[in-house]
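Dear colleague,

Please find below the structure that I am handing over to you.

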Amino acid sequence: MKQPLPSNTYLSGKGDLSAVDQAMIERRVGLLGPAYKLHYEQPLHVVRGEGVWLYDAQDNAYLDAYNNVPSVGHCHPRVHAALSGQAGLLNTHTRYLHPGILDYAEHLLSTFPDPFDKLMLTCSGSEANDLAYRIAQLNTGGTGFIVTELAYHGVTKVIAELSPALGEHANLGEHVRTVPAPDAYRNDGSDGEVGKRFARAVQAAIDDMSRHGIKPAAMMVDTIFASDGVLADPPGFLQQALKVVQNAGALFIADEVQAGFGRTGDHWWGFQRHAIEPDIVTMGKGMGGGHPIAGVALPGAQLEALAKSRYFNTTGGNPVSCAVGKAILEVIEEEDLMENARSTGAYLRSGLAKLADQHDIIGQVRGAGLFIGLELVRDRASKEPAAEETLWLVNRCRQDRVLISSTGTHGNVLKIRPPLPFSPDNADVLLRVLDRALADCPELSARLA
Ligand code: PMP
């Protein structure tokens with residue numbers, strides 16, 4: 001029986017699909033159900049990857065300016081060798097003695113500031129946040145959590161309740177308060193005000209909890225605010241909010257699943273850009289380059305309460321995962337990918353700023369390192385979000401074989417977040433394709449008006 005197309009095949013390009021891809025979409029819906037989504041009006045069927053490139057079945061190359069999970073590039077030979085070498089030797093779990101997890105923990109913890117001397121491993125970012133959630137509740141005796149209005153932290157039941165980005169049907173629970181994201185562009189403030197305004201909102205959330213008899217446990221923050229629209233500047237804007245949270249006896253959890261592993265350029269971790277010291281840090285995604293490894297880093301003192309019960313995660317931290325994780329750290333260091341994120345990111349942002357001189361639809365270019373947001377507006381004065389145009393641009397770039405996506409409260413922020421080896425030449429390709437696509441936007445806006 002024919003299945004309907006998934007609901008997010010959002011425009012009208014279904015006719016462009018090959019018979020093979022059309023059949024695969026129907027098979028997916030039939031087997032996986034309707035909650036799974038695909039990227040792009042014309043979903044992409046890729047068969048292999050290398051560096052910053054993905055290839056389809058006809059061997060067409062697509063420039064990947066979207067995927068941060070293959071942090072050191074698709075199918076890095078060093079990572080592949082570490083994975084297959086260890087998989088061919090031994091894969092067990094953390095209840096046997098094995099140096100792999102210890103070597104990895106030592107290496108990973110060496111990227112953190114001093115008090116962070118413990119690492120716990122999980123298989124996904126959601127699980128890492130779930131563990132941080134439990135630790136925060138145990139250590140504070142509180143139950144309340146604060147997140148931003150369009151935060152995404154994962155899929156477990158308690159973490160879905162901290163993820164308003166899942167949409168209006170996701171239940172946030174009575175113990176959760178949301179605060180407006182620290183958006184310097186839309187909230188018009190001078191740079192110094194962003195942090196103050198954010199801290200005031202966090203204080204109001206804590207006051208509201210206490211009026212309802214809820215003791216706060218933690219605030220959880222994605223330090224690059226990816227789902228809130230990529231909010232990076234000014235560095236330091238998290239400092240006042242962190243103080244407010246800690247003064248209330250709650251913990252500050254930095255979710256580094258998006259910003260971590262050198263992506264923001266100057267630092268290993270997004271929280272370091274803000275010169276803050278969170279209580280707990282969670283990480284995932286780029287940690288395993290596609291292999292499921294994630295974790296929690298924290299000072300040992302935060303673990304005392306949890307240690308009264310056992311911790312065992314059957315596949316979290318297995319020798320293969322640790323070999324992969326370690327190879328990724330080595331590649332980041334040896335290939336100087338953090339510096340590349342800084343320099344190529346700056347190069348790309350300055351190229352995008354030049355595009356903004358020619359295309360009025362670009363309201364703001366922002367971001368840090370190789371995590372870039374381009375906010376698109378129909379009018380620079382009113383800042384009316386150009387959401388349809390954003391979606392159109394994402395699909396147009398895909399047709400031109402450059403992969404990006406969109407994000408933000410109004411869906412009007414182009415999200416550019418390539419693997420870390422992205423080069424200035426790669427950036428030039430992206431800029432050329434985007435320039436051409438942007439040139440068609442005024443006509444599109446006129447049609448939509
Ligand atoms: N936190 C953030 C900020 C994320 O972006 C994500 C995934 N998009 C997660 C947590 C959850 O990670 P995972 O999908 O590995 O469970």
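I begin with Asn395, which counts as buried at 4% relative accessibility; buried means under 20% relative accessible area, exposed over 50%, and partly exposed in between, with a 1.4 Å probe and protein chains only. This is a predicted model, in which local features need pLDDT of at least 70 and side-chain atom pairs count only at pLDDT 80 or more, while totals for chains, interfaces and linings use all residues. Residues are numbered from 1 along each chain as its sequence is written, and side-chain values use heavy atoms, with hydrogens and water left out.

Asn395 belongs to helix α11, residues 387-399. Helices (H or I, at least four residues) and strands (E, at least two) are DSSP runs, numbered from the N terminus. A polar atom in the side chain of Asn395 lies 2.6 Å from the backbone nitrogen of Glu41. A polar contact here is a pair of N or O atoms within 3.5 Å; within protein, one must be able to donate a hydrogen and the other to accept it, and residues adjacent in sequence count only if both atoms are side-chain atoms. Leu17 is found in the segment before α1 (19-32) and is buried, with a relative accessible area of 12%.

**The ligand site**

Which residues surround the ligand? They are Ser124, Gly125, Ser126, Asn129, Tyr152, His153, Gly154, Asp222, Asp255, Val257, Gln258 and Lys285, where a residue is near a molecule or strand if one of its heavy atoms lies within 4 Å of it. By class, this shell holds two nonpolar, seven polar and three charged residues. In that scheme Ala, Val, Leu, Ile, Met, Phe, Trp, Tyr, Cys and Pro count as nonpolar, Asp, Glu, Lys and Arg as charged, and the others, Gly among them, as polar. Helix α4 (residues 125-140) gives the most to the shell, with three residues.

An oxygen atom of the ligand lies 2.5 Å from a polar side-chain atom of Ser126. A backbone N or O atom of Gly125 is 2.9 Å from an oxygen atom of the ligand. A side-chain N or O atom of Lys285 lies 3.1 Å from a nitrogen atom of the ligand. Taken alone, the ligand exposes 390 Å², of which the protein buries 81%; accessible areas come from the Shrake-Rupley method with a 1.4 Å probe, and for residues only the protein chains shown count as cover.

**Aromatic rings**

Rings of Phe, Tyr and Trp (its six-membered ring) pair if their centres lie within 6.5 Å; planes under 30 degrees apart count as stacked, over 60 as edge-to-face and the rest as tilted. By this rule there are nine aromatic pairs. One of them is tilted, because the rings of Phe225 and Phe237 have their centres 5.8 Å apart and their planes at 45°. Both residues lie in the loop between β7 (216-222) and α7 (239-247), 12 residues apart. Phe225 is buried at 1% relative accessibility, and Phe237 is buried at 2%. One aromatic cluster is formed by Phe112, Phe116, Phe261, Trp268, Trp269 and Phe271.

Charges also sit over rings, a term that requires NZ of Lys or CZ of Arg within 6 Å of the ring centre and within 35 degrees of the ring normal. The charged end of Arg95 is placed over the ring of Phe312, 3.8 Å from its centre. Lys383 lies over the face of Tyr185, at 4.4 Å from the ring centre.

**Backbone geometry**

Lys383 has a phi near 60°, a positive value in a residue other than glycine. Lys383 is located in the loop between β12 (371-379) and β13 (384-385) and counts as buried at 15% relative accessibility. Ala275 likewise has a positive phi, near 50°; Ala275 lies in the loop between α8 (270-273) and β9 (280-283) and is exposed at 58% relative accessibility.

A cis peptide bond joins Asp233 and Pro234, with omega about -5°. Pro234 is placed in the loop between β7 and α7.

Yours sincerely
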